[in-house]
Amino acid sequence: MARDFLKALKERPLLFDGATGTMLQRLGLKPGGCPDELSLTDPGMVKRVHGVYIEAGSDIVTTNTFGANRIKLREYGLDGRLRDMNIAAAGCARDAAGERFVAGGIGPTGHFIEPVGDTGFDAVLEVFIEQAGALKAGGVDLIIIETMMDLKEMKAAIMAAKSTGLPVAATMTFDETMRTVLGTPPESFAIAAASLGADVIGANCSLGIEGIYKAISAMGRVVATPLIAQPNAGIPVLKGKETVFPATAEEMASFVPRLVEAGVRVLGGCCGTTPEHIKEMGRVFKSLRPAGERGRAFSSLAGRTAFTLFGGGLPPVVIGERINPTGRKALALEIKEGKTSGIRSEARQQAASGAHVLDVNVGVPGMDEAGAMRMAVFAVNENSTLPIVIDSSSSEAIEAGLKACDGKPLVNSISGEEKKLSTILPLAKRYGAALLGLTLDDDGIPDTAEGRLRVAEKMLERALKAGVRKEDLMVDCLAMTVSAAPLSAVETLKAIRLVKERLGLTTVLGVSNISFGLPAREVINANFLTMAFAAGLDCAIINPNNKVMMDAYHASLVLLNKDLRAERYIRRYQAASAEIQPGKPAQAGPEAPASIAERLRKAVIEGDEENIVGLVEQALKDGWDPIRVSNEALVPGLEEVGRLFSSNRYYLPQVMLSADTMKKAFTRLKKEFSGRTGSSLGKVLLATVEGDIHDIGKNIVATLLENHGFEVIDLGKNVPAERIIEEAVKNRVDIVGLSALMTTTVMEMDGVIKKLRERGIKAMTIVGGAVVTDEFSRKIGADEYGGDALSAVDKMKRMVKGSRA
């Protein structure tokens, strides 16, 4: 009997299984052991878990392979058995499921991809291709990617899963702020995953059913892809010496109708859910009529932490054009030298001026454009939340940009030329990018609007044939120089109308070329921009730093009824008016240059790794003592980063970039301490407790502590209590920081703290991790609860200061 997951998905609601790890632990898996290995060493135990979910009504069971990738298995010395393990796990699931569906489970590697981490995109892609191939060889019916936190890692996992030809489900995990640990909102994930070709998308873990509902609802507003929900059984709490998930089967089942209304077609459970939860939720789920198909006619782009919607009747948007070396010698020279200061500055300025998307072009003759594109995309992503346009005529540079970027970019460009269609289209499809299509072909640019429409029709036909969705093709009807061709503006505007009316495509236009060779160019550009918006233009490529152009943009939105109650227009001019206060004297002459302290502080805040050492050198040359450089410039900068993080204006990648910048500054300052000891805020010992192999959060805290002036002794992960005690005594530490991610290992913290107290060790304690709460920390007698990484650093500062008062 053939099993067709996608056919079943269209016909009826589908029920996944619940938690696997907790069920295996109930049956005897010891904390710290490799659960994935059980498919080889105790297949009977694994089959029993699958079997109870089948009995509870699950249509789909997930293989016991969440950590069965090369990187994770290497931690147990089992990477050589990867293929056997995945195939065996698929066999266990098939034996239990019979003719029901088996999903091959893929989890994260535990490593962040560069530039946030140090692992390359291609390396992670290869890891997932290897595991996905083994799962397919084992006979799974689909792949499910679970509990991802890094959008770029999710991209690699989806691409790997798609390479098998099997259906793909993809879920990310969000916290109560509706962000991943790297700041990705559900909408950005949904937009990117849908464009990469995931057949089902959704959220799992971290949250109870109400939180998962919020994430799912946000996804449903931006994509039409079927949704999957896999909530935890509530937020874990401590009862006695055991962490439990409090939500009952009945409580979770009562919320299921709201999930169905939000578009959920596939339902399951994550941590803490049992066969009882799945049975009760499934009973309600399968009795309900699925929500109707949700059409989404607009276009979308996404960065790691923000997204942009346009077309389909939504207000038009602005693509900032300033990251382009054409005609700009200083920027071209910087790109050629491998520097990114100008690119980072342009990204920040254009975002502040109101751009919605940023074009990235690094085309300088005689250099490695692919390498330059990679670095430029990293720089833009680190200095702006906005989605990007990868702008190049080189397929190698485009692919480098696609690997480097987070989210869903726009590729600029294809055309009706056969070479472009045959090389760029497949790249965009594989990497989940949208396409900007120029209305020219192998015969050149048609003079008439009708000719350009024919090119647009050709591009649409080829895009659809390649599997690119209609809303992901954006057509540029090309603005030609009106001084040389007086009718060109009329034809361009006519072509925009035809493309909108006949094809229903999103339109984009590079505006400034229209005025080439004329005086007062911005006057022509601004008026043409307004006319283009009236003709149906959805996306304008302009200089957002040009006030005349942005004035025209905002005025056009009001006049075309695209700015509700003129709210955006009013806000813009209120902000401008606030800068010119009555009675406030105008500044005479040029603005005074920033002091060295201000420049150092700004470099830390903006993560300016290229220039921070030079600025430190300048401060030292000016007679600053190293301690003064640190206390009056560097540390205040990092403290401002903390405030930006607390207000959700910065996310973890920006924090880590600033921390790396601080590290470079401190490395230089240490040279000045020869013969004298540098100041240290205190000694902190960090460890992930025994039985737990998760250490991403702990590593982030260690980096931040060092850059705030602490001496850190990091013992790593899966550390026995006795070693923690021994090292605490040996190093005479001020603070012991303990981390645990799993509900089965958090009580190890309790044991460590008790032993510290019993032996009279006066070091203060702080605890943290995904399942750790403030209430739990108090119950086990910890001095502090860490919370997020920056909060933990601030608390440790106060702890040390208080102990020395």
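A disulfide is a pair of cysteine sulfur atoms within 2.5 Å. By that cut-off, the structure holds 0 disulfides. This is a predicted model, in which local features need pLDDT of at least 70 and side-chain atom pairs count only at pLDDT 80 or more, while totals for chains, interfaces and linings use all residues. Residues are numbered from 1 along each chain as its sequence is written, and side-chain values use heavy atoms, with hydrogens and water left out.

**Cysteines**
- Cys34 is in no disulfide, and the nearest cysteine sulfur, that of Cys92, is 13 Å away.
- Cys34 counts as buried at 7% relative accessibility; buried means under 20% relative accessible area, exposed over 50%, and partly exposed in between (1.4 Å probe, protein chains only).
- The sulfur of Cys205 lies 3.7 Å from that of Cys271, its closest cysteine sulfur, which is too far for a bond.
- Cys205 is buried, with a relative accessible area of 13%.

**Nonpolar cores**
- A nonpolar core is a set of buried Ala, Val, Leu, Ile, Met, Phe, Trp, Tyr and Cys residues joined through side-chain atoms within 4.5 Å.
- The largest core has 154 residues, and Ile145 and Phe189 are among those that touch the most other members.
- Helix 8 (residues 151-162) gives the largest share of this core, 8 residues; helices (H or I, at least four residues) and strands (E, at least two) are DSSP runs, numbered from the N terminus.
- A second, separate core of 51 residues includes Leu182, Leu600, Leu638 and Tyr650.

**Helix 23**
- The buried residues of helix 23 (residues 596-606) include Ile596, Leu600 and Glu606.
- Just after helix 23, Gly607 takes a positive phi of about 65°.
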